[in-house]
Amino acid sequence: MPRVDSDLKLDFKDVLFRPKRSSLKSRSEVDLQRTFTFRNSKQTYTGIPIIAANMDTTGTFEMAQVLSKHTLFTTIHKHYSVEDWKNFAANHPECLEHVAASSGSGNADLEKLCAILEAVPALKYICLDVANGYSEYFVEFVKTVRGKFPKHTIMAGNVVTGEMVEELILSGADIIKVGIGPGSVCTTRIKTGVGYPQLSAVIECADSAHGLKGHIISDGGCSCPGDVAKAFGAGADFVMMGGMLAGHDQCSGEVIEKNGKMYKLFYGMSSDTAMKKYVGGVAEYRASEGRTVEVPYRGDVENTIRDVLGGLRSTCTYVGAAKLKELSRRTTFIRVTQHCSFPAGGD
């Protein structure tokens, strides 16, 4: 018999922060920098823990150049060549502290990852990214990569439940990517009926990870700066953004003009568009689990970064958190039936 978990699960849209008395005079006083020491790699990280997703439109070298100036992070998509990586490392060595090389879990993926890390020894971070982090094969793959790279910091996912977070951490991952289906161009929930509301997933997974001195990334579901703040308030150590960073100059792809308006393409990495681009099409045994959308062209990503960081600092002042580190401890969420939000890129 199927089992039904009747506990209410919440998404970002279902809650708001409750404001609290604060001694902060200005949002300029808020410190957004975090310092983490990772459980398995023993490496130390310092920066503002916001990450550009490893989608080929947003996880670009151009994005990393801008984000790293603000100490934000970029997971570089897996379709750059080893030669591309060498050129990037030679011309932008200052960015390497805040980028990860991404990989799937196939043999060819692993060979390419090894070649990149050999060619760019200053690279410290690896992002192992699959749609379904629940497979035993993926757990074994994480163990294999940890064996080959004992001192690198490994991000792995995606999962949405505490027991799988624990298993991946114990298998060698340092930072677990949390999120199945919340992304703006992800159709997993529609095609498969599988998923988990993102706010509850973050709360539960953060609790499990922190008990083992591990860390998590809230991956997907943020459509405005307030959602980024809610993910941190729920206990996420890092927040990954895709759609909020789409449509900028630093994203790959040409600007398209339609009816006098400018757009750029943004698509999920399991979409028809991505499959045709990289593997010749969607295999007959699977369904596309991503959408392709035209997002309004938004110019330089610098402005969006300032907007997100400004919103996050403001959240901290409303709840009396002088540092981002304190935000989850100062957070009380209230459930709401309606709250107005505009999609990424809205007015």
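Below are legends for several close-up views of this predicted model.

Residues are numbered from 1 along each chain as its sequence is written. In this prediction, local features need pLDDT of at least 70 and side-chain atom pairs count only at pLDDT 80 or more, while totals for chains, interfaces and linings use all residues, and side-chain values use heavy atoms, with hydrogens and water left out.

**View 1. Helix α1 meets helix α10.**
Let us start with a pair of helices. Two packed helices are described by the angle between their axes and the distance between the axes. Helix α1 spans residues 61-69 and helix α10 spans residues 301-319; their axes come within 10 Å and cross at roughly 40°. That makes α1 oblique to α10 (angles under 35 degrees count as roughly parallel, over 145 as roughly antiparallel, 65 to 115 as roughly perpendicular and the rest as oblique). Here an axis is a line fitted to C-alpha atoms, for helices over the stretch in contact, and angles run from 0 to 180 degrees between N-to-C directions. Helices (H or I, at least four residues) and strands (E, at least two) are DSSP runs, numbered from the N terminus. On the α1 side look for M63, V66, L67 and K69, which meet V301, E302 and I305 of α10; contact means heavy atoms within 4.5 Å. Sorted by class, this contact has five nonpolar, no polar and two charged residues. Ala, Val, Leu, Ile, Met, Phe, Trp, Tyr, Cys and Pro count as nonpolar, Asp, Glu, Lys and Arg as charged, and the others, Gly among them, as polar.

Which residues of α1 are buried? They are F61, M63, A64, V66, L67 and S68, where buried means under 20% relative accessible area, exposed over 50% and partly exposed in between (1.4 Å probe, protein chains only). The partners of these buried residues are β4 (50-52), β5 (73-76), α2, β6 (99-103) and α10. S68 has a relative accessible area of 12%. Leaving aside neighbours within four places in sequence, S68 is in contact with C95 and H98. The C-alpha atoms of S68 and C95 are separated by 5.7 Å, although the two residues are 27 residues apart along the chain. Just after α1 comes T71, in the loop between α1 and β5. T71 has a positive phi, near 60°, in a residue other than glycine.

**View 2. Helix α2 beside helix α3.**
Helix α2 (residues 82-91) and helix α3 (residues 107-119) have axes that come within 9 Å and cross at roughly 25°. That makes α2 roughly parallel to α3. Their crossing is right-handed. V82, W85 and K86 from α2 meet A115, I116 and A119 from α3. The residues of this contact divide into five nonpolar, no polar and one charged.

**View 3. The two annotated positions, C186 and T188.**
An unreviewed UniProt entry carries the annotation "active site" for C186 and T188; such positions are given in the numbering used here, feature names are shortened, and annotations may be inferred rather than shown by experiment. Where is C186 found? Look in the loop between β9 (175-178) and α6 (188-192). C186 is partly exposed, with a relative accessible area of 26%. T188 is found in helix α6, and T188 is buried at 11%.

**View 4. P197, between two helices.**
P197 sits in the loop between α6 and α7 (198-211). With 24% relative accessibility, P197 counts as partly exposed. Not counting residues up to four places away in sequence, P197 touches K9, L10, D11 and R189. The C-alpha atoms of P197 and I169, 28 residues apart along the chain, are separated by 22 Å.

The peptide bond from G157 to N158 is cis, with omega near 20°. N158 lies in strand β8 (residues 153-159). N259 is in the loop between β12 (256-258) and β13 (261-267). Is N259 buried or exposed? N259 is exposed, with a relative accessible area of 82%. N259 has a positive phi of about 50° although it is not a glycine.

Methods:
Left-handed = near helix turned anticlockwise from the far one by under 90°.
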